[in-house]
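Here is a short note for a colleague who is meeting this structure for the first time. The points are numbered and can be checked one by one against the model.

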Amino acid sequence: MSEEQQAQPQLALERIYTKDISFEVPGAQVFTKQWQPELNINLSSSAEKIDPTHFEVALKVVVQANNEGDTAFIVDVTQAGIFLIDSVEEERLPYILGAYCPNILFPFLREAVNDLVTKGSFPQLLLTPINFDAEFEANMQRAQATAVEGQA
């Protein structure tokens, strides 16, 4: 195959799965109080190369709900996917792994969190949609600014 007939870029989701899941209610006294929760939400993503053409991308959220000073619940979910990524330009890879893939995984993560919370006898918890494209761009700009400051 000549250079002009290079392989076409391939990007495909091959599997979505729950990598880790945990739900904890530390004490039943939370059910006797009026429900006015304070939520602490921590979201992160990671990517790992499995083989030359496959990556595992994981999206993790930890939500701690406090009510009147007590921990009502803690939910910790890691949603992962295996993505086939082949013949993609190297400079596009960070965007694909840091924004495109998390955009695909987020609805599954959101559903898992809501299911756990409602099965735990709490009101529905629908995580606010996230614009991973904008977050990725903001992170890239912060990284550039930090690099420039480090050179000054």
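**Notes on the predicted model**

1. Start with the helix pair. Helices α1 and α2 are roughly antiparallel to each other, because their axes cross at roughly 150 degrees and the cut-off for that term is over 145 degrees. The model is a predicted one. The two axes come within 9 Å. The crossing of α1 and α2 is right-handed. Helix α1 covers residues 93-119, and helix α2 covers residues 132-151.

2. Look next at α2 by itself. Helix α2 has 20 residues. From first C-alpha to last, α2 reaches 29 Å. That is close to the 28 Å expected at 1.5 Å a residue. The N-terminal end of α2 is capped by Asn131. A side-chain oxygen of Asn131 lies 3.1 Å from the backbone nitrogen of Asp133. As background, an α-helix has 3.6 residues a turn, so residues three or four places apart point the same way.

3. Now a residue in the other helix. Val113 sits in helix α1. Is Val113 buried or exposed? Val113 has a relative accessible area of 0%, so it counts as buried. Val113 can also be set against Val88. The two are 25 residues apart in sequence. Their C-alpha atoms are 33 Å apart in space.

4. Turn to the charged pairs. How many salt bridges are there? The count comes to 3. One of them joins Lys19 and Glu56, with the closest N and O atoms 2.8 Å apart. Lys19 lies in strand β1 (residues 10-24) and Glu56 in strand β3 (residues 54-67), so this pair ties together parts that are 37 residues apart in sequence. Lys19 is partly exposed, at 45% relative accessibility.

5. Buried here means under 20%. Besides the salt bridge with Lys19, the side chain of Glu56 has a polar contact with that of Tyr17.

6. A second salt bridge brings together the side chains of Lys33 and Asp70. The N to O distance is 2.2 Å. Lys33 is in the loop between β1 and β2 (38-51). Asp70 is in strand β4 (residues 70-86). The pair links distant parts of the chain, 37 residues apart. Both ends are partly exposed: Lys33 has a relative accessible area of 25%, and Asp70 is at 23%.

7. Lys60 belongs to strand β3 and Asp76 to strand β4. These positions are 16 residues apart, and the pair links distant parts of the chain. Which end is buried? Asp76 is, with a relative accessible area of 16%. Lys60 is partly exposed, at 31%.

8. Stay with strand β3 for Gln64. Gln64 has a relative accessible area of 26%, so it counts as partly exposed. Where does Asn40 stand relative to Gln64? Gln64 and Asn40 are 24 residues apart in sequence. In space, their C-alpha atoms are 5.2 Å apart.

9. Most residues other than glycine have a negative phi. Glu68 has a positive phi, near 50 degrees, and is not a glycine. Glu68 is placed in the loop between β3 and β4. Ser121 also has a positive phi, about 75 degrees, although it is not a glycine. Ser121 lies in the loop between α1 and α2. Its relative accessible area is 54%, so Ser121 counts as exposed.

10. View the α1 and α2 pair, with its right-handed crossing. Last, inspect the loop between α1 and α2, where Ser121 lies.

Terms used: Residues numbered from 1 in each chain as written. Predicted model: local features only at pLDDT ≥ 70, side-chain atom pairs only at ≥ 80, totals over all residues. Heavy atoms only, no water. Helix = DSSP H or I, 4+ residues; strand = E, 2+ residues; numbered from the N terminus. Expected span 1.5 Å × (residues − 1). Polar contact = N/O pair within 3.5 Å; in protein donor to acceptor, adjacent residues only side chain to side chain. Salt bridge = Lys/Arg side-chain N within 4 Å of Asp/Glu carboxyl O. Buried < 20%, exposed > 50% of the residue type's maximum accessible area, 1.4 Å probe, protein only. Axes fitted to C-alpha atoms, helices over the stretch in contact; angles between N-to-C directions. Parallel < 35°, antiparallel > 145°, perpendicular 65-115°, else oblique. Left-handed = near helix turned anticlockwise from the far one by under 90°.
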